[in-house]
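Q: Can we go through this model together? I would like to start with the sheet and then move on to other parts.

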Amino acid sequence: MDTCCAGPAYARLMSHRRVRAPAARAPRWHMLGTMRILVVEDDAAIADALQVSLRLAGHAVDRCATLAQAWAALRVEPFDAMLLDLGLPDGDGVRLLAQVRAAVPAPGGAGLPRPDMPVLIMTARDGVDQRVAGLDGGADDYLVKPFDPQELLARIRAMVRRSAG
């Protein structure tokens, strides 16, 4: 089983604060259901740490390191939410966000990707103009790296609650 506190990836995510590691058992809200989350992150260490934290919270996680991989995954699998880095090797994550938001749903809502899928941008770009551009570009939330995994989980829960109505 993966451990949340192992390795440099988790240390890098947690480097900005002194906080306790998340508990290994899922919190009570997990009983409401597991989410399938797509993590689009090219830094393997950060993606590993995110995957561990999300799995410990009871979620299914798929990972992609490029825009092309992410678009391919979004076209064939339904996701409940997407965590999107902006600085990817084959382009800016805002481009993928625009593609998702422009997708035309099929009759009956069976089309992929879902244009209303909640998207949280997670990036080192911390300027106000960049945050505003990401949110105006269609992101549901914006989180600047480094961040606390517990804050990320809370933001995902809030984002999905808002999207559910």
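Predicted model: local features only at pLDDT ≥ 70, side-chain atom pairs only at ≥ 80, totals over all residues.

A: Residues are numbered from 1 along each chain as its sequence is written, and side-chain values use heavy atoms, with hydrogens and water left out.

Q: What is the strand order in the open sheet?
A: The order is β2-β1-β3-β6-β7, 5 strands with parallel pairing. Strands are DSSP runs of E with at least two residues, helices are runs of H or I with at least four, and both are numbered from the N terminus. Two strands pair if DSSP finds at least two bridges between them.

Q: Which strands stand at the edges?
A: β2 (60-64) and β7 (141-144) do; each has a single partner strand, so one side of each lacks a neighbour in the sheet.

Q: How many bridges between β1 and β2?
A: Strand β1 (residues 36-40) pairs with β2 over 5 bridges, in the parallel sense. Ile37 has Val61 in β2 as its bridge partner, and Arg36 has Ala60.

Q: Which strands does helix α2 touch?
A: Helix α2 (residues 44-56) packs on the sheet and touches β1, β2, β3 (81-84) and β6 (119-123), contact being heavy atoms within 4.5 Å. The direction of α2 makes about 170° with that of β2. Axes are lines fitted to C-alpha atoms, for helices over the stretch in contact, and angles run from 0 to 180 degrees between N-to-C directions.

Q: And α5, where does that pack?
A: Helix α5 (residues 128-136) also packs on the sheet, touching β6 and β7, with its direction at about 150° to that of β7.

Q: Back to β1: how many of its residues are buried?
A: 4 of its 5 residues are buried, so the strand is mostly covered. Buried means under 20% relative accessible area, exposed over 50%, and partly exposed in between, with a 1.4 Å probe and protein chains only.

Q: New topic. Is Arg161 buried or exposed?
A: Arg161 is exposed, at a relative accessible area of 57%. Arg161 lies in helix α6 (residues 149-164).

Q: How far apart are Arg161 and Pro118?
A: They are 43 residues apart in sequence, and 9.7 Å apart in space from C-alpha to C-alpha.
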